[in-house]
Each structure stands twice: as C-alpha cells, then as structure tokens.
Amino acid sequence: TPMRSVQPIGTLKYATLPFNWKLSEREWHKFLDELGYGEKWIIEVDRPKIEGFHEVIDHLNKAQDALYNKHEPEDVIRDLRAARDAFKVYFEEKKEHIFALIDEGSSKENSDDPKSKKIDEIYKKIANFLNIGPHNDKYKVSYADAQLAFRQFVSILAYLSPFLSEI
C-alpha cells in the first residue's frame, strides 16, 4: 500500500496515511466535500502517451508542477509553450497521416469541414493561446489562464496520442 504525505490541515502539521483507494466519481465528490473542498467536478483526462517525446513530457511535467505548486502562472504558460514547440515539428511532419486516421470511417456533412480540420482548428487555437505568456506587456496571465491552458493542451495531446501511437 503506498504511503501518502499530507501537508498542514488546520492545526495538524503532518500526517502519513496509508491507502490504496479505488473510488468512483461520486465517492470522490463526497470525499472532497467532506474535506471542505466544496463542489468540484472531477474530469479524467488520460495522460498523453507520446512515446519518444521525452522533451514534450518533461515540459508538461514542469508545467504541472508549477501549476500544482501555484508558481507564477507565466511559468506554466512558458513550459506549455516549450512542450508545444517540441511537439510541433513531429505533428507538422505527420499531420496528413494523423488526419487520415482521424477521418477514417467518418464522412463530412455537405459543405462542412471534415473532423480532422475541426481538430486542427482546436489545436491551433490552443497553441495560439499559449502565446499570451511572452506578451505580458499586453496580457496579464492569471492562475485561471494557466489552468485553462494546461487542461486544454493536455486534452488535445491526449486526443492525438492514440493516432500518434498508430503511426
């Protein structure tokens, strides 16, 4: 059973709790509510399985640490931009093959764009949002911005990762 360390809660300075829980979404909600976290949504996002992309994963891990430790939000955005830049070369090189896999078995409606083009637009918008960091003379980067950027970027990578695994 793994040991978890818990930092200050009220007057309790430190506690080590042995647990290996498997909780449903409903049970997690109840548990968090009883701990005083109030209403939360729990959304599972698979970690992107991008084999051979250690640099991308390293930058994502740095961004996650900065986010969880509530460092400067600009640090989160900077590390996400570095992950995006490390991923971009491979993505651009394999884009047509990835899009063929995304569109496989799908047909578009009339003059509507194919599914892959819609995904590409989402990816580009998320990647572009990460540019607010270096332009802090024009944008104030908040913790909410950093959370949104992290969640969105990891989500699009999680979506793309099964297609990348096939290539």
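In this predicted model, Ala-66 is found in helix 2, which covers residues 54–68. With a relative accessibility of 5%, Ala-66 counts as buried, because buried means under 20%.

Val-76 and Ile-77 lead on to a helix pair, as both take part in the contact of helix 3 with helix 5. Two packed helices are described by the angle between their axes and the distance between the axes. Here, helix 3 (residues 73–103) and helix 5 (residues 143–166) pack at about 25°, and their axes are 10 Å apart. Angles under 35 degrees count as roughly parallel, so helix 3 is roughly parallel to helix 5. Their crossing is left-handed. On the helix 3 side, the contact includes Pro-73, Leu-80, Phe-87 and Ile-102, while helix 5 contributes residues including Tyr-143, Phe-150, Leu-157 and Glu-166.

The protein chain has a mean pLDDT of 81, and 78% of its residues reach 70 or more. Confidence is highest in helix 4 (residues 115–129), at a mean of 95, and lowest in strand 1 (residues 3–6), at 52. Where pLDDT is low, the predicted coordinates should not be read in detail.

Note on methods. Residues are numbered from 1 along each chain as its sequence is written. This is a predicted model: local features need pLDDT of at least 70, side-chain atom pairs count only at pLDDT 80 or more; totals for chains, interfaces and linings use all residues. Side-chain values use heavy atoms; hydrogens and water are left out. Axes are lines fitted to C-alpha atoms, for helices over the stretch in contact, and angles run from 0 to 180 degrees between N-to-C directions. Helices (H or I, at least four residues) and strands (E, at least two) are DSSP runs, numbered from the N terminus. Angles under 35 degrees count as roughly parallel, over 145 as roughly antiparallel, 65 to 115 as roughly perpendicular and the rest as oblique. A crossing is left-handed if the near helix is turned anticlockwise from the far one by less than a right angle, and right-handed if clockwise. Contact means heavy atoms within 4.5 Å. pLDDT is the predictor's confidence in each residue, from 0 to 100. Buried means under 20% relative accessible area, exposed over 50%, partly exposed in between (1.4 Å probe, protein chains only).
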